[in-house]
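Welcome! Please take a moment with the sequence and the model below, and then we will walk through them together.

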Amino acid sequence: ATTMAGAVERAARAFASGMRRALVAGARGGARAGPAELAPSLGAFRHGVIRGHRAVPAWRVCGGIGPARLTASHRVAHRGFAAGDAAGSGKNGDDEESDEGAEEGDEGDGEWEDALEGLPVEALELRDAIPDDQGAMADRTLPVYGITGVPTGETVTLPGRHFDVPLRVDIAHRVVVWQRSKRRGNYAKTLTRSEVSGTTRKARAQKGAGRARVGTLRAPQMRGGGVAHGPNGMRNWNTKLQRRVRRLGLQVALSAKAAEGRIVVLDSLHEGIEPKTQWLDGALDTLLGAQSLAAGGRAHSVLCAEIPPALERGGLPAKRTCARTGRKLPAVHSNAKRASLNLPHVQVMDQFGLNVYDVLRHRALAITRDALDALVARLDRPIKPDRAKWSASQPTPNPAEVLDWTSRGHLGEVDKERKKEEVFKRRAAKKAGARV
């Protein structure tokens with residue numbers, strides 16, 4: 001009976017998940033026809049870097065399920081489509097096949113229309129193929145949304161020098177391998193002959209038995225003895241990678257997200273947000289729809305970048321774990337950060353910690369306006385600030401005032417003379433104090 005109840009519960013959950021995914025995705029992309037022969041898929045880029053995380057359009061995620069017969073009044077248009085015309089599967093808004101399907105849908109299925117009425121437009125501009133002009137370092141303008149999917153009327157510019165660089169799979173792969181190696185722990189540890197537990201008695205007599213002499217029963221060749229050349233738990237998996245390569249890897253990851261159309265700019269992740277998991281999950285349904293669903297369509301996969309608010313501005317006190325020492329340190333969480341702690345595939349982090357692995361691992365990237373400005377300023381900062389000062393033109397010194405300090409021997413002699421002077425001064429001060 002218990003097994004039967006568990007199977008029924010699992011089937012009910014799967015059915016509810018499929019209905020939710022079909023309901024949301026059907027209003028946005030379910031009525032689209034099958035994909036035509038397009039350019040290479042964007043998912044090939046991410047699949048070459050992280051296996052198992054492919055960028056798949058909504059109609060592929062849902063498998064074409066959902067209410068495909070919708071009237072023109074209930075068909076929802078993407079932001080990139082024509083706003084006035086009936087939006088179908090084409091980029092220009094006029095799709096004959098979708099119009100025919102809409103005419104067929106007028107005959108029935110009124111319950112679908114009631115369920116889909118009022119569904120919002122998702123904030124992601126998804127693309128099925130890499131644009132031809134990708135990598136031209138062209139700026140791009142995006143609107144700013146609220147967490148509930150309502151446009152604020154403002155726009156921001158994504159600089160092409162950071163969000164439209166050529167997609168270098170090799171660079172992204174190098175950075176991901178470097179990150180994973182640094183996170184790798186040293187857990188392999190074996191016991192040597194001096195560490196293994198065992199007796200110290202003499203196995204047998206040294207002479208007279210006619211057999212080989214045995215020094216200890218904890219030797220590697222003995223049953224239950226130690227390991228001779230096993231891992232000792234001191235191996236360091238860290239590798240070195242140039243800072244310019246790390247920065248280029250982050251730019252490649254951001255450019256891949258921009259090419260996929262999976263970047264959304266938010267006004268805030270703290271104000272107007274309730275620190276409740278269910279509230280944030282519903283807000284993500286409204287903002288992103290089915291375009292960011294992962295884990296079989298059961299959860300949203302979103303990486304949110306922000307600048308955490310201060311305690312004076314309503315930040316929530318919390319604790320964080322130090323990566324080096326493992327100790328609990330005080331921290332400040334925003335409302336979205338507190339609400340996302342129970343969402344397995346939603347991660348809210350400071351923009352300073354934005355990295356290649358997390359950007360490619362999530363389906364969508366949501367970033368606030370202030371975090372975007374800070375990120376662009378951080379990427380524009382020179383890798384070695386001193387070089388900018390050194391490259392500036394310096395005034396030519398007077399040759400008469402320049403001393404020849406290039407000889408190492410000369411420098412050593414000067415140091416010796418200075419040390420002698422200090423010794424003489426200390427001795428004179430001591431003698432003067434003794435006389436007094």
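In strand 10, Leu303 finds its bridge partner in Leu365. Strands, like helices, are DSSP runs numbered from the N terminus, with at least two residues of E for a strand and at least four of H or I for a helix. The neighbouring pairs follow along: Val302 has Ala364 as its partner in strand 10, and Ala305 has Ile367. Altogether, four bridges join strand 6 (residues 302-306) to strand 10 (residues 364-368), and the two run parallel. Two strands count as paired if DSSP finds at least two bridges between them.

Strand 6 also runs parallel to strand 9, to which five bridges join it. Here Val302 turns up again, with Val346 as its bridge partner in strand 9.

A word on the background: this is a predicted model, in which local features need pLDDT of at least 70 and side-chain atom pairs count only at pLDDT 80 or more, while totals for chains, interfaces and linings use all residues. Residues are numbered from 1 along each chain as its sequence is written, and side-chain values use heavy atoms, leaving out hydrogens and water.

Step back and you will find six strands forming an open sheet of mixed pairing, in the order 2-1-3-10-6-9. Its edges are strand 2 (151-158) and strand 9 (346-350), each of which pairs on one side only. From one strand to the next, the twist averages 30°.

Strand 3 and strand 10 pair in the parallel sense over four bridges, with Val264 standing opposite Ala366.

## Buried strands

How many residues of strand 6 are buried? Five of the five are, so strand 6 is largely enclosed by the rest of the structure. Buried means under 20% relative accessible area, exposed means over 50%, and partly exposed lies in between (1.4 Å probe, protein chains only). Val302, Cys304 and Glu306 lie on one side of strand 6, Leu303 and Ala305 on the other, and both faces are covered.

Strand 10 is likewise largely enclosed by the rest of the structure, because five of its five residues are buried. Ala364, Ala366 and Thr368 point one way, while Leu365 and Ile367 point the other.

## Helices across the sheet

Helix 9 (residues 277-288) lies across strand 1 (140-145), strand 3 (263-266), strand 6, strand 9 and strand 10, and runs at about 120° to strand 3. Helix 12 (residues 369-380) lies across strand 1, strand 2, strand 3, strand 6 and strand 10, at about 95° to strand 10. Axes are lines fitted to C-alpha atoms, for helices over the stretch in contact, and the angles run from 0 to 180 degrees between N-to-C directions.

## Charges over a ring

Now look at Trp237. Arg184 lies over the face of Trp237, 3.4 Å from the ring centre, and the charged end of Arg235 sits over the Trp237 ring at 3.9 Å from its centre. A charge counts as over a ring if NZ of Lys or CZ of Arg is within 6 Å of the ring centre and within 35 degrees of the ring normal.

## The chain as a whole

The chain holds 14 helices and ten strands. Of its 436 residues, 36% count as buried. Among contacts (heavy atoms within 4.5 Å) between residues at least 6 apart in sequence, 73% join residues at least 24 apart.
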